[in-house]
Amino acid sequence: MTRLQRLDWPDHGTPDLPPPFTLAEAEARLLAVRAAMSAAGYAALVVYGDREHAANLHWLTGFDPRFEEAVLVVTEGDALLIAGNECLAYTVVSPLVAAGQVRTGLCASLSLPSQPRGSRRLWEWLDELVPAGAKVGAVGWKWYGSDELAPGQDPALALDIPAFLADPLRQRAGRVENATAIFMHPAHGLRARVTANEIARLEFSNHMAAAALRRMVFAFREGMTDFAAVEAARVGGLPLGCHSTFAMGDTPGLSGPVGDRIRRGVPASFNIAHWGSNICRAGWMARGAEDLPASAAGYLEEFVYPYTQAMSDWCGMMRPGVAGGAVWAMIHDRLPADFGITLNPGHLIGLDEWMSSPIMPESGIPLASGMAMQMDVIPAHPRWGSTRMEDGYVIADEGLREELAQKHPNAARRCALRAEFMRRVIGMDVPNSLLPLADTCGIIAPWLLDPAQVVVL
């Protein structure tokens, strides 16, 4: 019977430092990109990145632009990384740049306003590598379907890169197509599957975020400001994958601290996200049901408990071969419409908090080994507020699990311990194919002022 039980949140120790991104990995990715370019008939692939949209560029090179923009041009026999004033020296962080396999060039127009501009122009760099009249692919951070464009507009030609890059590309090339799906499509995108090394990096990120969130939750006290609550998390130095949030009462959920004070009887939600992780929880600032307003009566029995069971069912479906549409249908069958779930119940995660998702209405895209999945099922109810069990996982078949055990045995051991905790203590359906990446996996503590009370099935 679903109930609250007082228990210690698990602590399986701090992961090893994540393995560095190696030249061999980068070379393999560049080779895969060139193969995809050839299959699409592209003479060149132009990858755009900025501070907010760096995931594709970073995945391929190990470099992300900071403060400014960057452009990578890849052809069959050449590759050029164009950066601005402040990032040019930083490009050496890329193993491909350090090895001389990717050239670099300065384009001051990619720098911040009013900085010196005395460098080669962007169109001049593009003219050097992009063959005149050729078919070219442009990579930003999303692609489009015909249902979201003006009548008659070709989705292949709908670019999501800035005009200062799109315009000279179109002037130079014969046809410029949106090629972002090469990297990000849930079925065939090059980034949509992770390796054993990437699992180890994801686990480190998820641990850092989950440990910070745990410190924050157990520091909650009445009268504490939201600023002090986030400070108690002691967030580490990993780059953020999205804004950290902390919202109480009527404050919009995507808000950060605003100076509000913790008080009993208000709903709350918060998250800490690094590249490759987003650990989020929601509940009530309360020590028990008696602290809730009368309008929120039934929060546990009618809202939190069904949600927890649905998340167990979600885990049970995280197996290679399960259609994404089946997961969507299951969640909407288990949880009534008034739970307010509007986004995809689960998605792929990378350096970008949301890459794409195989879980869509009627999706025939199968879940696959190597998919890094974010359990991101977000209810929003006018009376009950929300509840949340948002953590990171990887779907892994036997071969990938064996590779992880060989290359990163401690990471494999911790994932196995977390799965066993979820099964044995929480009572969730966790198949062998699902690797939990954080010690918070399986934890729902609805009373945030007494987080040792945890939902078990």
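## The second largest pocket

Let's start with the second largest pocket, which is lined by 32 residues. Phe21, His58, Arg201, Trp275 and Leu351 are the ones nearest its centre. A pocket here is an open set of points on a 1 Å grid over the protein atoms alone, where a 1.4 Å probe fits and protein lies on both sides within 12 Å along at least five of seven lines; lining residues have an atom within 4 Å of a point.

This is a predicted model, so local features need pLDDT of at least 70 and side-chain atom pairs pLDDT 80 or more, while totals for chains, interfaces and linings use all residues. Residues are numbered from 1 along each chain as its sequence is written, and side-chain values use heavy atoms, with hydrogens and water left out.

Who builds the lining? Helix H7 (196–217) gives the largest share, five residues, and helix H2 (55–61) supplies at least two. (Helices are DSSP runs of H or I, at least four residues; strands are runs of E, at least two; both are numbered from the N terminus.)

## The nonpolar core

Now for the largest nonpolar core, with 104 residues. Leu45, Phe183, Phe220, Met285 and Trp314 touch the most other members. Helix H9 (residues 299–316) gives the most to this core, ten residues. Apart from it there is another core of 23 residues, including Leu126 and Val176.

A nonpolar core means buried Ala, Val, Leu, Ile, Met, Phe, Trp, Tyr and Cys residues joined through side-chain atoms within 4.5 Å. Buried is under 20% relative accessible area, exposed is over 50%, and partly exposed is in between (1.4 Å probe, protein chains only).

## Salt bridges

There are 25 salt bridges, each a side-chain nitrogen of Lys or Arg within 4 Å of a carboxyl oxygen of Asp or Glu. One joins Glu203 and Arg418 at 2.9 Å, N to O. Glu203 sits in H7 and Arg418 in helix H12 (residues 409–426), so this pair ties together parts 215 residues apart in sequence. Glu203 is buried at 2% relative accessible area, and Arg418 is buried too, at 2%.

Another bridge pairs Arg191 with Asp352, their closest N and O atoms 2.5 Å apart. Arg191 is buried at 6%, and Asp352 is buried at 17%.

Glu128 and Arg103 also pair up, at 3.1 Å between the closest N and O atoms. Here Glu128 is partly exposed, at 39%, and Arg103 is partly exposed, at 32%. Both belong to a network of salt bridges that also takes in Asp78 and Arg120.
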